[in-house]
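Let's take a friendly walk through this model together. Have the sequence and the 3D view open side by side as you read.

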Amino acid sequence: MTKPQIPPQIVSLQDYIETAAEQVPAGHWAYLSGAGADGVTQADNRAAFRQYRLESRVLADLRGGHTRLHLFGADLQHPILAAPMAFQRLAHPTGEQGMALGVAAAGGLSVISCQASTHMDELAKGAQGPLWFQLYLQPDREDSLRLVRRAEAAGYRALVVTVDAPVNGMRNMEARAGFSLPPDVRAVNLDGCKPAAMSVPQGGSQVFDGFMRVAPLWPDIAWLRAQTDLPLLLKGILSPRDAIQALEHGADGIIVSNHGGRALDMLPATLDVLPGVVDALNGKIPVLLDGGIRRGTDVLMARALGAEAVLVGLPLMAALAVGGAAGVAHALMILRAELEVAMALTGCASLQGITPAALNRARGA
């Protein structure tokens, strides 16, 4: 008898994570799932959703209900996007191609990492659904511009600039597992990009005299905005003040994210800061949420607090590891079905109908 591609006991995103942790080589899993320092922020991203309970509504007319939305020119079947994740071939031989295929099969949108282990042009040629390109601004503006032009030529629909990781050390799990990239996995899209000149004076700081000397600044965002007509989203915003700065420098959207707790521990959970960012922007540009999504009820809560859509990372990487493209599609279908059930039982016929009235505070929260 042929072994089923997706184990029948997998019925949730957490099942995928637990199964992947058993199947993926320890060093690879340490990189894919690791958190900074003590993992407090990573855990808080999940715990933040426990502060809320849902307001049950009955006997509402929900015929014709749906989860559709229009986002930066793309008509999507649901508000669940695949977050940018580096080196996906660590999880499965098909890597980013398998991820994008699974996401498209489930009616979703993929954000392709600047550090993908597959060429961005190759991914776009075979794309069955809309793609955004995640950009780390390079030390040399010409290198950044070449990446932007490649994304434009390949048909990517938006640029997602990650702004919250100018310094990113090895996480404890990686160090303990002795992780290093295998020779056949690398950030192929950065071939030819000039490395940062990291000459630190004797007695100087590796952080302040090294990394931060070449890190992007707000003027770099204004420069990038002037170079392209693609929608520009900034990923890694946690402060309402930074959200306003982003708007003033030309951002078309904000992704509230703490890098999954990977870059800096002890940051607040993204769900906790979401309402403040939404209020500061006052509907001028869309706000998306990244971090901690595991259930359809999480998606509903994020929408109720003002997120236009959500990004999902680790659970989809785990699904890719376990089941390839089929696993990714299955995981997204689980999440969408859970969202639809949650909407039906809270009286919400569409995403637009999800408001803060759908939420109650949990006891003791």
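Helices (H or I, at least four residues) and strands (E, at least two) are DSSP runs, numbered from the N terminus. The model is a predicted one, where local features need pLDDT of at least 70, side-chain atom pairs count only at pLDDT 80 or more, and totals for chains, interfaces and linings use all residues. Residues are numbered from 1 along each chain as its sequence is written, and side-chain values use heavy atoms, with hydrogens and water left out.

Let's begin at T41, which sits in helix α3 (residues 40-47). T41 is buried, with a relative accessible area of 0%; buried means under 20% relative accessible area, exposed over 50%, and partly exposed in between (1.4 Å probe, protein chains only). What does T41 touch, leaving aside residues up to four places away in sequence? Its neighbours are N258, G261, L264, D265, M266, L267 and P268, where contact means heavy atoms within 4.5 Å. With L267, the side chain of T41 reaches the backbone nitrogen at 2.8 Å.

Now turn to strand β5 (residues 109-112). L109 and V111 point one way from β5, S110 and I112 point the other way, and all are buried. On one pairing, β5 joins strand β4 (residues 80-82) in the parallel sense over 2 bridges; two strands pair if DSSP finds at least two bridges between them. Here L81 stands opposite L109 in β5. To get from β4 to β5, the chain passes through helix α4 (residues 95-105), and this β-α-β crossover is right-handed. That term applies if, with the strands pointing away from the viewer, the path from the first strand over the helix to the second runs clockwise.

β5 also pairs with strand β6 (residues 131-135), again in the parallel sense, over 3 bridges. The bridge partner of I112 in β6 is F133. Together, β5, helix α5 (residues 120-125) and β6 make a right-handed β-α-β unit.

On a 1 Å grid over the protein atoms alone, a cavity is a set of points where a 1.4 Å probe fits but cannot get out, and lining residues have an atom within 4 Å of a point. Grid points are joined across faces, edges and corners, and a volume is the space filled by probe spheres set on the points. The structure holds 1 cavity of 30 Å³ or more, and about 40 Å³ of space lies in the largest cavity. Its lining includes A82, E96, M99, S110, V111 and I112. β5 gives the most to this lining, with 3 residues.

How values were computed
A polar contact is a pair of N or O atoms within 3.5 Å; within protein, one must be able to donate a hydrogen and the other to accept it, and residues adjacent in sequence count only if both atoms are side-chain atoms. On a 1 Å grid over the protein atoms alone, a cavity is a set of points where a 1.4 Å probe fits but cannot get out, and a pocket is an open set with protein on both sides within 12 Å along at least five of seven lines; lining residues have an atom within 4 Å of a point.
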